Amino acid sequence: MPPYKLHNILNKLFIKIFSPNKDTTTQVPLPPEVYMRLVCGQHDDLADQFNWAGEVVLNMLDEEGMTADGTSFLDVGCGCGRIARRLMERPISSYTGFDRHPGMIRWCREQIGARDPRFAFHYFSLQSSYQTLDGHKGRQPASAFAFPYPAASFSAVLLASIFTHMPLQESVHYLRELYRVLAPGGKILLSVFLSDDEEDGCSEVDFYYHTGTFLGCLEEIGFKARFRQKLAEHHWYTLSTSEAAPALLLDRDVEQTSG
Ligand SMILES: C[S@@+](CC[C@H](N)C(=O)[O-])C[C@H]1O[C@@H](n2cnc3c(N)ncnc32)[C@H](O)[C@@H]1O
């Protein structure tokens, strides 16, 4: 048996033993196979993979305190609701997901949004490397897409396997938008493919960033990054706004009160 199969079996067993009551998905049917393949890739045990990955990400969000009561949640590139379906049993106050695939967003609205009024799904016609997989061309370059959300409107943001499919300059643009829409004290959980080669590597839909370059971009924008874990090829990070901003505010306040 190949090692990855053994790894998958052990993971599923672990989830069944340690979180037997956490499967929140019974009320929402599985998405059509074609959508699950677009977000998971090719697998013989597609539904198991879909559920397993959703559970893993949900556990990370729980551990990071990103599913707590009152959370306003943004899911960038929400796909066919692999995470959204699991967030339905969490006490978050609102969930907004967006994607550039019209069919997946329609399916999420019908199957999740219609069941739970906290959940909203938005479609934007964006250009993406994913066109190679699903044929959806998109009108607007992602590098020019202004998120149509007010500043400081989300306390938790997820990008699960999104930057892994975007060239670095597009991701940097998204990070600037995220810096704007993240509420003070908010947190971002994201995955990236990293490599220490000189050049950023890429295949048709997979993009690897040079580790130092990526971390440098985060710092320049004003994010504080914390490495969480590596799962398969995915490096998971949490981001918060760097402490420089409050410190500057403090200096200004001091100047004002002393002047
Ligand atoms: C691997 S799937 C992950 C979907 C979802 N985050 C999940 O974990 O199930 C990648 C998703 O990113 C979406 N996507 C690709 N480029 C995007 C962009 N520029 N902006 C938003 N979503 C994008 C695709 O349509 C696809 O649904």
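This is a predicted model: local features need pLDDT of at least 70, side-chain atom pairs count only at pLDDT 80 or more; totals for chains, interfaces and linings use all residues.

Of the 259 residues in the protein, 34% are buried. Among the contacts between residues at least 6 apart in sequence, 61% join residues at least 24 apart.

The ligand is surrounded by 20 residues, of which the closest are G77, G79, R82, S128 and A160. By residue class, the shell around the ligand divides into 11 nonpolar, 6 polar and 3 charged residues.

| Helix | Residues | Length | End-to-end C-alpha distance | Expected span |
|---|---|---|---|---|
| α7 | 168-181 | 14 residues | 20 Å | 20 Å |

In α7, the buried residues are E170, S171, Y174, L175, L178 and V181. Seen down the axis of α7, these residues fall within an arc of 140°, so they line one face of the helix. An α-helix has 3.6 residues a turn, so residues three or four places apart point the same way. The partners against which the buried residues of α7 pack are the strands β1 (72-76), β4 (154-159) and β5 (182-195), together with the helix α8 (211-221).

In α3, the buried residues are F50, N51, A53, G54, E55, V57, L58, M60 and L61. Just after α3, G65 takes a positive phi of about 70°.

Note on methods: Residues are numbered from 1 along each chain as its sequence is written. A residue is buried if 20 or more other C-beta atoms lie within 10 Å of its own, exposed if 12 or fewer, and partly exposed in between; C-beta atoms are placed from the backbone. Two residues are in contact if their C-beta atoms, placed from the backbone, lie within 7 Å. A residue is near a molecule or strand if its C-beta atom, placed from the backbone, lies within 6 Å of it. Ala, Val, Leu, Ile, Met, Phe, Trp, Tyr, Cys and Pro count as nonpolar, Asp, Glu, Lys and Arg as charged, and the others, Gly among them, as polar. Helices (H or I, at least four residues) and strands (E, at least two) are DSSP runs, numbered from the N terminus. The expected span of a helix is 1.5 Å times one less than its number of residues. The arc is that of the directions from the helix axis to the C-beta atoms.
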